[in-house]
Amino acid sequence: MSVRSTMFRSSIFTCGALLTVALLGGKNVSAAPASDDEKFEVIIAGGKIVDGTGAPWYIADIGIRDGRIARIGRLVGEGIEGKTKVIRADGLIVAPGFVDMMGQSAEALLDDPKAALNMLSQGITTINAGEGHSPAPVSDADARSLGWSTMAEYFQLLELRGLPLNVAQTVGHTQVRRRVLGDVDRKPTPDELEQMRGYVREAMEAGAIGMSTALIYPPAVYADTDEIGALAAVAGAYGGRYYTHMRNEGDQLLEAIDEALEIGRKGKTPVHIFHLKAAGRANWSKMDEAIAKIAAARAAGEQVAADIYPYVNNGLGIAAMIHPRHFANGRADLIARLDDAALRDEIQNEMEADGGDWENWFKHIGRDWNKLVVGRSNSLRLRAHAGKTLAEIATLTNTPPWELFFELVKTDAFVLPESMSEANKVKLIQQEFVSFCTDVGPFAGESGASHPRGFGAFPRLLSKYIRDGGAVSLERVIAQASAHACNEVLAYDRGRIAEGLAADIIVFDYETIEDRATFAQPYEIATGMRHVLVNGEPVLDDKGQLTGKLPGKVLRGPGWNSTRPMTGPDPAARLEGLDQLVQDFMDRHHIPGAALALTDRGSLVYARGFGYADIAARTPVSPRSLFRIASISKPITATAIFKLIESGKLNLDDKVFDILTGYEPADAEATIEPRLRDITILQLLQHSGGWDRDVSFDAMFKSVPFAEKLGTPPPAGPDVIIRNMLTQPLDFDPGTRYAYSNFGYCLLGRVIEKLTGSGYEAFVKSNVLDPAGARTMVLGRSMPEQRLTNEVRYYSPYRGPSVFAASLGKRVPYPYGGWNLEAMDSHGAWLASVVDLAQFASSFYDPNHSPILSKASIEQMQKRPSGGPDLDSKGEPKPRVYSAGWGREEPSREGDSPAFSHSGSLAGTSTLLKRRGDGRSWIILFNARSGPTSDFFPGTLQPEVDGFLDQISTDDWQHIREVTGDLFQSFPNHQSVGS
């Protein structure tokens, strides 16, 4: 009987502590119309809802709000749609999103979120990442290139990058063992085991859902049950689970299951078996007993489950067919010796033998090279034969099979042994404790595993085994792929279509859903998936295209503590709301650390640190923490320029290149741009010197080509940059319009040096910062090893080529080698605390008593530009302009003065200093720049802070000052302006 006409009822799958399920008999799908003011962001209308509980389908509409299922019932046509996006699902299946129980790694999503297309097109909305390998912990050398060392840092970067689907992550036993022992075949010492436990502990506290093993592969194969159990116990103590690619999936399958159960008992943790199989014809009959073992353990109260992929060919690196003892000194050592004829004979004899205590995949395929499909290979000679068996390739290339095998081992080929039976696949699908996987995860490019399951596993399951094969009902298999799988990754807030749960929802055509990937063409997108929503946002549209939305989450396990540290003097009662405002903002945008300071009438009334200065060390941000302030460096440089004007060494109308003489162009044969001689100091201060980075480029980020042009080691410093720019045509005539220019402020730094005969930093510190009381400010450095004791770490998910000679071209995190901070001294390299910047801002509060500039200089500095820079495209004065070192905004409230501000932005940092028109200033510093919900964190926060401050009355401000006093006195490394 066709499953399409069957209403098979299975037991109900529940999700965690949520005790009720919305069954057909318990929900009135024709509920009374909702009130007119009920709003939804998305409505999925008219589909057949297969809700993930195993109950029969029913037809209803689903209203989604704030990422969750807000209501199920009759919604469309009741007058509440408004501008809501309505997805018509008539005749289509609406179901909870699937979980890929073995999604390998989410690291590909850091480089390109579009790598999730192969997952989303299958209806996968969550992946369980990690199979022995995990992205952390990593060595210091790897951390230098990756940008993270711990699981907590890795999760932070995933969230800053933005995810198109959800990620749950295990910590890998292989990763931990390799980090402590390397690839050697020995037991850890007690101290080494404790170090390994520490790595597992860090990952669990970061939010890993458990520990995973891959016991078929070196070096994990060298670990005994006690070692693994001791590490699993750490995961278990945090409420995590043990996930395993077992030690054997063939001759010793039953013994491997026993070991997995024993590890679960030792670790006091549930057990999940990855891609359960009976490999090798001689072992196919063991599947009934394997199922019985798991069922018996479950009946005895042990939480044991498994997943499968719907193919009879498994996939592995071809080197895994060699006895693991040959890898005792690492893979590289074996490859170096693999041309030795005696070693080849020894390996061949082992693979052809009947006995042995290892997983012999050659034996599992009946020692028949026709049963070994070759997928990806790094061999240029063999790459064109992907998808053929080793026997076919041997014939086509006239190569003896064993010679071809060793060639494929040396080139790290991925192979697909035909080792399983279709009958066992059906048996496993019929087990309620079984969920499903791709064993591939997000598509990392053709260098990744080339098994068609990466693009077709779930559509193949639904079409071949359910729709056409009738293994179980559609309702039942969706319950296994969603609710049951969510339970297995501890994601108890999703996996079912029920009010209040997360809206991970898929819409597909059951009649046409089909896998298209083959062994020869493993990267073909499946058909039939019409819509995919993750946390309520559409991520895949009805044309099979990604929407570009990144609403996915890191689904952290129970060991994670989401509380962020907060430091600094307790605020006055009226300002306590700022604490919550910033905390909420950081939670929404997944920001690691921040500091906020507020002054009123020149007095510091609020200074707080939030979150982490260093996630790995769990160092909290304090008001004293130093941040790269990026372009807030510009008003500091501008102030130094006005100090020179006050001393009579400089005028605003002076021509820049009348001062900066002696520079020879990098290209001696090129003509120097003639308009350079017209550029004035004032034009540099007001960004009207003639350079427009949107038209040409930003000279300060040409560190490598500019250095190469002069034959000097990269990165280019200011002098090399200036020499290259002498012949670069200007983008407009100086003084005619505004265009933000870092290079213009680089020149101002050189003017300071030329006229003072001292270094830029020394002059600014002694003449600007020290008088202002900002005595902890210093110029920053590029490399992480040059980070100051009190300086935060900078978190950016983006990587690019290093511009430094010692690591030139190697991929590095942008904040640490992606550009040359030292060359940015006068426009972006200062480090400061929020207290430093509060003191600098307070120096401008009362121009009559400023410690650094005269009233006339301050007025000139804050004056609107004249001519082109002041006007918009229609020739009208702009409400926001750039004066001399400050952005100026005309007042919007009667009685206020103009507001002055400056922001700063570099990969890993974002900053804002705002001097409001009511005499108050505030400063926010973040150690991250942007995320999927904000292009620039301070800009997104600004209206919230200003709105909060606008609600405080004059009387309240007076009370705040009386209660708080001047908090500058609370920071002994700083001094008040008046002291």
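Visitor: What makes Thr84 count as buried or exposed?

Guide: In this predicted model, Thr84 has a relative accessibility of 11%. Buried means under 20%, so Thr84 counts as buried.

Visitor: Where does Thr84 lie?

Guide: Look at the loop between β3 (68-73) and β4 (85-88). Leaving aside neighbours within four places in sequence, Thr84 is in contact with Phe40, Glu41, Val42 and Ile43.

Visitor: What makes the pairing of the Thr84 side chain with the backbone oxygen of Phe40 a polar contact?

Guide: That oxygen lies 2.6 Å from a polar atom of the Thr84 side chain, and the cut-off is within 3.5 Å.

Visitor: On to the helices. Why are α15 and α16 called roughly perpendicular?

Guide: The axes of α15 (residues 422-429) and α16 (residues 453-467) cross at roughly 100°. Angles of 65 to 115 degrees count as roughly perpendicular, so that is the name for this pair. Their axes also come within 12 Å.

Visitor: Which residues make the contact?

Guide: From α15 come Glu422, Lys425, Val426 and Ile429, and from α16 come Arg460, Leu461, Lys464, Tyr465 and Ile466. They divide into five nonpolar, no polar and four charged.

Visitor: Which residues have the most contacts inside the largest nonpolar core?

Guide: Phe508 and Leu575, in a core of 147 residues. Not counting residues up to four places away in sequence, Leu575 touches Leu598, Val605, Tyr606, Phe948, Ile952, Trp957 and Ile960. Apart from that core lies another, of 91 residues, including Ala595 and Phe743.

Terms used. Residues numbered from 1 in each chain as written. Predicted model: local features only at pLDDT ≥ 70, side-chain atom pairs only at ≥ 80, totals over all residues. Heavy atoms only, no water. Core = buried A, V, L, I, M, F, W, Y, C linked by side-chain atoms within 4.5 Å. Buried < 20%, exposed > 50% of the residue type's maximum accessible area, 1.4 Å probe, protein only. Contact = heavy atoms within 4.5 Å. Axes fitted to C-alpha atoms, helices over the stretch in contact; angles between N-to-C directions. Helix = DSSP H or I, 4+ residues; strand = E, 2+ residues; numbered from the N terminus. Parallel < 35°, antiparallel > 145°, perpendicular 65-115°, else oblique. Nonpolar A, V, L, I, M, F, W, Y, C, P; charged D, E, K, R; others polar. Polar contact = N/O pair within 3.5 Å; in protein donor to acceptor, adjacent residues only side chain to side chain.
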